[in-house]
Amino acid sequence: MEAQTSLPLNGQVAIVTGAAKGIGRALAIKFAQAGADVLIADIDQNEMPATARAVEATGRRAQVIRADMRLEADIDAMVDTALQVFGRIDVVVNNAGINAPGGFLGVSRQDIRSVFDTDLIGPFFLSQRCAREMITLGIEGRIVCISSIHSVVPAYCPHYSAAKIGLEQLVIDMALELAPYGIRANCIRPGGIAIRGRTEIGSPDVSNPHIPLEGRSGLPTEVAELALFLATDASRYITGTTVTIDGALSRMTYSALTRRKTLAREQENLGFPARIPGPIL
Ligand SMILES: NC(=O)c1ccc[n+]([C@@H]2O[C@H](COP(=O)([O-])OP(=O)(O)OC[C@H]3O[C@@H](n4cnc5c(N)ncnc54)[C@H](O)[C@@H]3O)[C@@H](O)[C@H]2O)c1
């Protein structure tokens, strides 16, 4: 397939971490569809080839690397490989993330280290190394980080929440320091996205009554569309921000839930059909 010059990322190179499956796979494919060659990085070697095949099906080049975000040498290997194979890095998406289950009373030092290394410290040093290369090469690059609504909405996973809110603050600092070099950094805060293992991608039923908008889970492709916006010139004046994509799931407070019956009555009194999001408490 011939490269199309009108594509927003034509001739550009993107590194996507955690790209073997889930949201990361959707990111890799979306960026390739927009014209980018993609370095697919993950620790899951079984699933990476499928992402690479999907990228190549768009006519773009894919390079797979087994790289662990917790290891400094692997982060360097990612960047070195992207430069050796493609010659440049325009976009880096820090998507790889884990959430080791366990509330405050149960979390071990090992759990915290693993989550922080994967979700915060790894993205810190991958972004730092990429920014250094972008500046050296004179590239006005873009950094996109994938946070979570649990950065601000607790879910009994304090280590995950702490790592993700740290990631959002890191984006603010990167944006400030890198703006004079023309490099932008932004963050996406997803919630309730249907991935394999929770809700099968492609399954007709992604319904979720807890989610106000359309009563369904979000799709990895919807997160990828937002990431593409943040990685292209369409967002050229946006940096240092975090955008939530969760169908208003994180806005369903206890107060909102408890007012549902009253709201339904109000709607009916106004002559509207009662439409109230969320489950009955
Ligand atoms: N799915 C959701 O609803 C949701 C909500 C909020 C935030 N997120 C965030 O989205 C991102 C993607 O998650 P997902 O939902 O697609 O889950 P997922 O488990 O399908 O994908 C995560 C990927 O990261 C990889 N990974 C894990 N540890 C790694 C490491 N140390 N080094 C390199 N790769 C590693 C995994 O192998 C996997 O392929 C994560 O940062 C997650 O915190 C997802």
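What covers the buried residues of helix H2? Let us start with the model as a whole and then come back to that helix.

This is a predicted model, in which local features need pLDDT of at least 70, side-chain atom pairs count only at pLDDT 80 or more, and totals for chains, interfaces and linings use all residues. Residues are numbered from 1 along each chain as its sequence is written.

**The whole chain**

The chain has eight helices and seven strands; these are DSSP runs numbered from the N terminus, with at least four residues (H or I) for a helix and at least two (E) for a strand. Its radius of gyration is 20 Å, close to the 19 Å from the globule rule for 281 residues, so the chain is as compact as a globular protein of that length. Here the radius is taken over C-alpha atoms, and the rule is 2.2 Å times the number of residues to the power 0.38. Of the 281 residues, 42% count as buried. A buried residue has 20 or more other C-beta atoms within 10 Å of its own, an exposed one has 12 or fewer, and a partly exposed one falls in between, with C-beta atoms placed from the backbone.

**Helix H2**

Now for our opening question. Helix H2 (residues 48-56) has Met-48, Thr-51, Ala-52 and Val-55 as its buried residues. Seen down the axis of H2, they fall within an arc of 100 degrees, so they line one face of the helix; the arc is that of the directions from the helix axis to the C-beta atoms. Their cover includes H1, strand E2 (37-42) and strand E3 (62-66).

**The ligand shell**

Helix H1 (residues 22-33) also gives the largest share of the shell around the ligand, three residues. In total, 25 residues surround the ligand, and the closest are Gly-18, Gly-22, Gly-97, Ser-148 and Ile-193. A residue is near a molecule if its C-beta atom, placed from the backbone, lies within 6 Å of it.

**A loop residue**

Ala-248 sits in the loop between strand E7 (242-245) and helix H7 (254-258). Is Ala-248 buried or partly exposed? With 15 C-beta neighbours inside 10 Å, Ala-248 counts as partly exposed. Ala-248 and Thr-258 are ten residues apart in sequence and 16 Å apart in space, C-alpha to C-alpha.

Note on methods: Contact = placed C-beta atoms within 7 Å.
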